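Biologist: I should like to learn how to read a protein model feature by feature. Could we go through one together?

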Amino acid sequence: MEPPATASPRESTQTLRLATDADEPALLALFRPIVAAGEGYPQHPDEPITPEAFRAYWIAPAVAVWVAEVSGELVGSYTMKANGVGRAAHVANAGYIVGRAHRGRGLGRRLVEHSLHQATLLGFDAMQFNFVFADNPARSLYERLGFRVVGEVPAVIDGAPVLIYWRKL
Ligand SMILES: CC(C)(COP(=O)(O)OP(=O)(O)OC[C@H]1O[C@@H](n2cnc3c(N)ncnc32)[C@H](O)[C@@H]1OP(=O)(O)O)[C@@H](O)C(=O)NCCC(=O)NCCS
């Protein structure tokens with residue numbers, strides 16, 4: 001007889017699903033403090049992002065928005081879109097967020113891994129991040145998952161550079 005399937009606490013409490021329109025307020029509530037802390041995204045920390053601006057940034061251009069829930073609470077997300085049009089549209093681009101209280105438990109890694117798989121299913125053949133802050137802790141995660149720095153753009157965010165990461169899928 002097969003032994004019973006065992007799930008780690010992580011697997012049993014984190015759920016990933018596609019976002020719906022009804023998730024927009026919770027996604028915005030997740031994104032706002034990340035912007036306010038100046039973490040990872042270029043929006044001005046002292047200008048609260050409006051629902052319209054958030055929709056235009058995270059939702060409207062996306063081919064897929066996924067959310068992560070823990071005990072029914074929306075605590076993480078990624079958005080994925082084509083990094084360019086036409087002959088550049090085979091390269092995906094994605095952004096990731098995890099609420100501060102839920103970090104360091106593997107959720108960010110799970111979102112990135114999930115997005116790589118989804119990108120393949122959607123027909124992309126590479127993934128590129130255009131805007132990785134040099135001091136972002138996600139860099140080591142990206143590098144462990146096979147991304148490499150293919151460029152550095154000087155003096156983008158308050159005089160600091162941003163890195164371009166890329167990997168083949
Ligand atoms: C980046 C982010 C999504 C990671 O989420 P997370 O759930 O904490 O990630 P994980 O728990 O899967 O950690 C993944 C790895 O990232 C690194 N990491 C994540 N947060 C870190 C932190 N605060 N300090 C140092 N390393 C950290 C660790 O190396 C970790 O490696 P490990 O798997 O060996 O422990 C989250 O910190 C976040 O939302 N940050 C703000 C938004 C952002 O910067 N997004 C990325 C834009 S490029």
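The dialogue below takes up confidence, a helix, the nonpolar cores, the ligand shell and some backbone angles.

Biologist: What is the mean pLDDT of the protein chain?

Modeller: This is a predicted model, so confidence is read before geometry. The mean pLDDT of the protein chain is 93, and 93% of its residues reach 70 or more. Residues 1-9 are a stretch where the pLDDT is below 50, and beyond near neighbours in sequence this stretch has one contact in the model.

Biologist: How far apart are the end C-alpha atoms of helix H4?

Modeller: The end C-alpha atoms of H4 (residues 107-121) are 21 Å apart. That agrees with expectation, because 15 residues at 1.5 Å a residue should span 21 Å.

Biologist: Which residues of H4 are buried, and which are exposed?

Modeller: Leu-107, Gly-108, Leu-111, Val-112, Ser-115 and Ala-119 are the buried ones. Viewed down the helix axis, the buried residues of H4 fall within an arc of 135°, so they line one face of the helix. His-117 and Leu-121 are exposed on the other side of H4.

Biologist: What do the buried residues of H4 pack against?

Modeller: Their partners are strands S1 (14-18), S2 (64-70), S3 (73-82), S4 (91-98) and S5 (126-133), together with helix H5 (138-144).

Biologist: How should the nonpolar cores be read?

Modeller: In soluble globular proteins, nonpolar side chains tend to be buried together. Here the largest nonpolar core has 25 residues, of which Phe-31, Tyr-78, Ala-92, Ala-94, Tyr-96 and Leu-111 touch the most other members. At least two residues of this core come from each of helix H2 (24-36), helix H3 (51-59), S2, S3, S4 and H4. S4 gives the largest share, five residues. Apart from this core lies another, of five residues, including Phe-129, Tyr-142, Phe-147 and Leu-163.

Biologist: Which residues does Ala-92 touch, not counting residues up to four places away in sequence?

Modeller: Ala-92 touches Met-80, Ala-82, Asn-83, Ala-119, Phe-124 and Met-127 on that count.

Biologist: Which residues come nearest to the ligand?

Modeller: There are 21 residues around the ligand, and Gly-40, Arg-103, Gly-108, Arg-109 and Pro-137 come nearest. S4, H4, S5 and H5 are the elements that give two or more residues to this shell. The largest share of the shell, four residues, comes from S4.

Definitions and conventions:
Residues numbered from 1 in each chain as written. Predicted model: local features only at pLDDT ≥ 70, side-chain atom pairs only at ≥ 80, totals over all residues. Expected span 1.5 Å × (residues − 1). Buried ≥ 20, exposed ≤ 12 C-beta atoms within 10 Å, placed from the backbone. Arc of directions from axis to C-beta. Contact = placed C-beta atoms within 7 Å. pLDDT = per-residue confidence, 0-100. Core = buried A, V, L, I, M, F, W, Y, C linked by C-beta atoms within 7 Å. Near = placed C-beta within 6 Å.
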